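Work through the following exercises with the coordinates at hand, and treat every value as computed from a predicted model.

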Amino acid sequence: MQVLYDQDFNLWLVETIHFLKEGKLLEVDYENLIEELETMGRSEKNALKSNLKILLMHLLKYQFQREKRSNSWRYTITEHRQRISDSLDNSPSLKGFLEQEFERCYQNARRLAADETGISIDNFPKISPFTIPESLDLDYLP
């Protein structure tokens with residue numbers, strides 16, 4: 001199975017599923033299966049953080065660059081809220097992760113907003129002016 005994993009991931013996956021369904025547990029490539037499952041978990045968390053950073057960055061831009069507000073920014077805000085909502089619907093256990101990472105994502109978003117707008121990072125609040133519920137509320141705009 002290791003050779004199959006290295007040469008044809010999709011076929012390895014099909015075979016692994018088949019072995020699991022058939023109860024052929026001795027045939028399962030546990031080492032790579034565990035690695036893939038861990039990777040899936042990390043990928044979900046990374047996607048959630050990425051969507052949250054982009055959302056928070058655009059909320060900051062929306063709040064601090066009133067003269068440059070656009071439909072494109074509102075679209076991006078809505079899109080990333082929907083992506084986060086979908087992630088939380090599919091994996092409700094990620095809510096705790098989002099709460100844990102919110103402030104770190106805000107700090108990253110603050111830096112990104114400063115870099116993109118040219119506004120000094122010191123002009124953006126050091127602590128998020130948005131709560132988690134506000135950030136995720138489809139109708140909220142600062």
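**Exercise 1.** Classify Tyr5 and Trp12 as buried or exposed, and then determine the geometry of their ring pair.

Solution. Tyr5 has a relative accessible area of 14%, and since buried means under 20%, Tyr5 is buried. Trp12, at 0% relative accessibility, is likewise counted as buried. The ring centres of Tyr5 and Trp12 lie 4.9 Å apart with the planes at 75°, and because planes over 60 degrees apart count as edge-to-face, this pair is edge-to-face. Together with Phe9, these two residues, Tyr5 and Trp12, make up one aromatic cluster.

**Exercise 2.** Characterise the pair formed by Phe64 and Phe124, including where in the chain its members sit.

Solution. The centres of the two rings, Phe64 and Phe124, are 5.1 Å apart and their planes stand at 75°, so this pair is edge-to-face. Phe64 belongs to helix α3 whereas Phe124 lies in the loop between α5 and α6, so that the pair links distant parts of the chain, 60 residues apart. Phe64 is partly exposed at 30% relative accessibility, while Phe124, at 1%, is buried.

**Exercise 3.** Check the length of helix α4 and locate its buried residues.

Solution. At 1.5 Å a residue, the 20 residues of α4 (residues 71-90) should span 28 Å, which agrees with the 28 Å between its end C-alpha atoms. The buried residues of α4 include Trp73, Ile77, Arg81 and Leu88. Viewed down the axis of α4, the buried residues fall within an arc of 125°, so they line one face of the helix. These buried residues pack against α3, α5 and α6, whereas Asn71, Tyr75, Asp89 and Asn90 are exposed on the other side of α4.

Conventions
Residues numbered from 1 in each chain as written. Predicted model: local features only at pLDDT ≥ 70, side-chain atom pairs only at ≥ 80, totals over all residues. Heavy atoms only, no water. Helix = DSSP H or I, 4+ residues; strand = E, 2+ residues; numbered from the N terminus. Expected span 1.5 Å × (residues − 1). Buried < 20%, exposed > 50% of the residue type's maximum accessible area, 1.4 Å probe, protein only. Arc of directions from axis to C-beta. Contact = heavy atoms within 4.5 Å. Phe/Tyr/Trp six-rings, centres within 6.5 Å; stacked < 30°, edge-to-face > 60°.
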